[in-house]
Amino acid sequence: MLINIIAGSGGAPGTPTIGTATGGNAQATVAFTPPSNTGKGGAVLYRALSTPGSISATGSASPITVTGLTNGVSYTFQVRLETSYGVNSAYSAASNSVTPAVPPVVPPVVPPVVPPVTPPVTPPVTPPVTPPVTPPVTPPVTPPVDPCAGVDCGSYGAPPGGVWIYQYDYNQCIPEICGPFTGNWKAYVSSDGCCVYGLFIGCQYDFPVCPT
């Protein structure tokens, strides 16, 4: 009987120390710490195994992702070391329980639309229109025209620019009143009355009535 002796160091491989399992979408990630003794032989591989379902996955280092799980089902995991010569360690203790699930859909954060701030429109201030003050028009005071101004009614003769009054009828005049007039007074007696020449417009005269 031929027996092949394989060179190597140490004895049976040690058992990995389980770490934390984290659930995902139909999968889980299992962390662990490799043992200090990996036993004899060549390449080393680690296997994570699920309970329930016995779904496994391998990897050369921690962590190992186990896929093909069912969302909504609770799982635990164990890890063992395997060598290329078929020498395996015992399985580690079970991990914490995880339940794979579809991650919730997080809607994108839409920032609120801030409407632009329109400043209030301030109407222009129109100063009140003050109408111009029109001073009252005072009509010029025209002094009354004194037709006798500057005229001495006791003087005889017409004033400059004056007008002689001819045939001034004074019906109560009798012939005796015409006799005493002197100077520029002129009078005559007609059948209509005593007519006096040389009177001034606007002047007051007194004619005495003489007895017959």
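**Strands, loops and core of a predicted model**

Let me start with Ala26, which sits in the loop between β1 and β2. Strands here are DSSP runs of E with at least two residues, helices are runs of H or I with at least four, and both are numbered from the N terminus. Before going on: this is a predicted model, in which local features need pLDDT of at least 70, side-chain atom pairs count only at pLDDT 80 or more, and totals for chains, interfaces and linings use all residues. Residues are numbered from 1 along each chain as its sequence is written, and side-chain values use heavy atoms, with hydrogens and water left out.

Back to Ala26. Its phi is positive, near 60 degrees, and it is not a glycine. Most residues other than glycine have a negative phi, and most peptide bonds are trans. Ala26 has a relative accessibility of 24% and so counts as partly exposed; the classes are buried under 20% relative accessible area, exposed over 50%, and partly exposed in between, with a 1.4 Å probe and protein chains only.

Thr22 has Thr29 in β2 as its bridge partner, and the hairpin has three residues between the strands.

Now the loop between β3 and β4. Ser54 is in this loop and has a positive phi of about 50 degrees, although it is not a glycine. Ser54 is exposed, at a relative accessible area of 54%. Pro52 is found in the loop between β3, residues 44-51, and β4, residues 56-59. The bond joining Thr51 and Pro52 is a cis peptide, with omega about 5 degrees. A cis bond also runs from Ser62 to Pro63, with omega near 0 degrees; Pro63 lies in the loop between β4 and β5, the latter being residues 64-67.

Next, the sheet. An open sheet is formed by three strands in the order β4-β3-β6, with antiparallel pairing. β4 and β6 are its edge strands, each pairing on one side only. Between β3 and β4 there are four bridges, and Tyr46 has Gly59 in β4 as its bridge partner.

What about the core? The largest nonpolar core has 16 residues, and Val30, Val66, Phe77 and Val79 touch the most other members. Such a core is a set of buried Ala, Val, Leu, Ile, Met, Phe, Trp, Tyr and Cys residues joined through side-chain atoms within 4.5 Å. Leaving aside neighbours within four places in sequence, the contacts of Val30 (heavy atoms within 4.5 Å) include Ile18, Ala48, Pro63, Val66, Phe77 and Val79.

Finally, aromatic pairs. Rings of Phe, Tyr and Trp (its six-membered ring) pair if their centres lie within 6.5 Å; planes under 30 degrees apart are stacked, over 60 edge-to-face, and the rest tilted. The count by this rule is two. Phe32 and Tyr46 are tilted, with 4.9 Å centre to centre and 45 degrees between the planes. Phe32 is in β2 and Tyr46 in β3, so this pair ties together parts 14 residues apart in sequence. Both Phe32 and Tyr46 are buried. The ring centres of Tyr75 and Phe77 are 6.3 Å apart and their planes are at 25 degrees, so that pair is stacked. Tyr75 is buried at 4% relative accessible area, and Phe77 is buried at 0%.

Technical notes
Pairing = 2+ DSSP bridges.
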